[in-house]
Amino acid sequence: MAWKTLDDMDFAGKRALVRVDINVPVENGVVTDTTRIERIIPTVDDIQEKGGKVILMAHFGRPKGQVVPEMSLEHIAPAVADVLGLPVTWVNSDYADAVAEMEDDEVLLLENLRFNPGEEKNDAGFAKRLASLGDIYVNDAFSAAHRAHASTEAIARLLPSCAGRLMAEELGALEKALGTPERPVVAVVGGAKVSTKLDLLGNLVGKVDHLVIGGGMANTFLAAQGINVGKSLCEHDLADTARDILAKADAAGCEIILPRDIVVAREFKAGAANETLAPDACPADAMILDAGPATVAYISEVLEKAKTLVWNGPLGAFEIAPFDAATNAAAAKAAELSKAGKLISVAGGGDTVAALNQAGAADDFTYISTAGGAFLEWMEGKELPGVAALG
């Protein structure tokens, strides 16, 4: 993977068009979580220190090419200014005039890119208009890199381009995890449905040494082996697909790790009466809601010998206790090994980040990606247009 970074560019006296992800939660006009804004600080500071001017480009929500007032970045600008500690000017129109009048330490924030239908259509004309505002293009929004949009793909072909600090950090972490990883490599893939992660599983069995399958997905694999899973969430129509994945893993020398014991309950609610059983002992009127302690013990054993871990999805119904036990315990083990320098651990995806935070393990993972769709497509082995355009 070859891409330029800020260190490869001369920003002195130049205007940098920086694509960022500041798609933050807002309630009653107030930003409630500034994490995504905080993550762009290194890129903005670095460009200014190198003598460049910063023009931020971003989207917010899904206005679908229409002007939707509540999705205006005008609401975000004050929070961006507070976090960056810099004067930030929101620009609704007359982009060229605002750029011409920029002060050295001033940051411009252009209006929501998705108000223009040309953004999501990867329109060359819109990309050209954006490119005319700057001298260098910087992509610092890995989370939008899986979309071929005007501000992520077309513009990168019109200006000297590079990855920002956050993008470069993310790409470096992902390269270590699956590009050229230290072996053995373990992947943990959980979630409700196999159908949403077919490409992911198909790619991983050829790249990792051990693949842990958890959550509702594991039930589909158990059922495909003739095991009765009672009233558990299960895609019975994907039995052939599951068996095909098992066969491919076997041929590739990848160990598929399914639950060695299961936690079942008759009700899906917090504190529901439950019992731990063998995988083939699920009562007809019960649901499998988590993996049991024997499964966690084996996963821990595998992690002890591993060098690299990629994690996407929980091992059980982590939202409600006590069915978060397996996810919490396995995450704690991965965090412990990562903190000790014995394991490179990379995790991503909405449920995954929530589960690791809930387990108190996120801070000790080597890298946590908040990119969602881009992280998943990267794990699936797909080329990301926003990254390819930087090459």
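Visitor: Which residue follows α2, and is its phi positive or negative?
Guide: Helix α2 is followed by Gly-51, whose phi is positive, near 90 degrees. Helices (H or I, at least four residues) and strands (E, at least two) are DSSP runs, numbered from the N terminus. This is a predicted model, where local features need pLDDT of at least 70, side-chain atom pairs count only at pLDDT 80 or more, and totals for chains, interfaces and linings use all residues. Residues are numbered from 1 along each chain as its sequence is written, and side-chain values use heavy atoms, leaving out hydrogens and water.

Visitor: Which residues of α2 are buried?
Guide: In α2 (residues 41-49), Thr-43, Val-44, Asp-46, Ile-47 and Gln-48 are buried. Buried means under 20% relative accessible area, exposed over 50%, and partly exposed in between (1.4 Å probe, protein chains only).

Visitor: And what do they pack against?
Guide: The buried residues of α2 pack against β1, β4, α3, β6, β7 and α8; contact means heavy atoms within 4.5 Å.

Visitor: New topic: which residues touch the most others in the largest nonpolar core?
Guide: That core has 80 residues, and those touching the most other members include Phe-142, Leu-201 and Trp-378. A nonpolar core is a set of buried Ala, Val, Leu, Ile, Met, Phe, Trp, Tyr and Cys residues joined through side-chain atoms within 4.5 Å.

Visitor: Which helix gives the most to it?
Guide: Helix α8 (residues 165-179) does, with eight residues.

Visitor: What does Leu-201 touch?
Guide: Not counting residues up to four places away in sequence, Leu-201 touches Val-189, Val-194, Leu-211, Ile-213, Met-217, Phe-221 and Ile-245.
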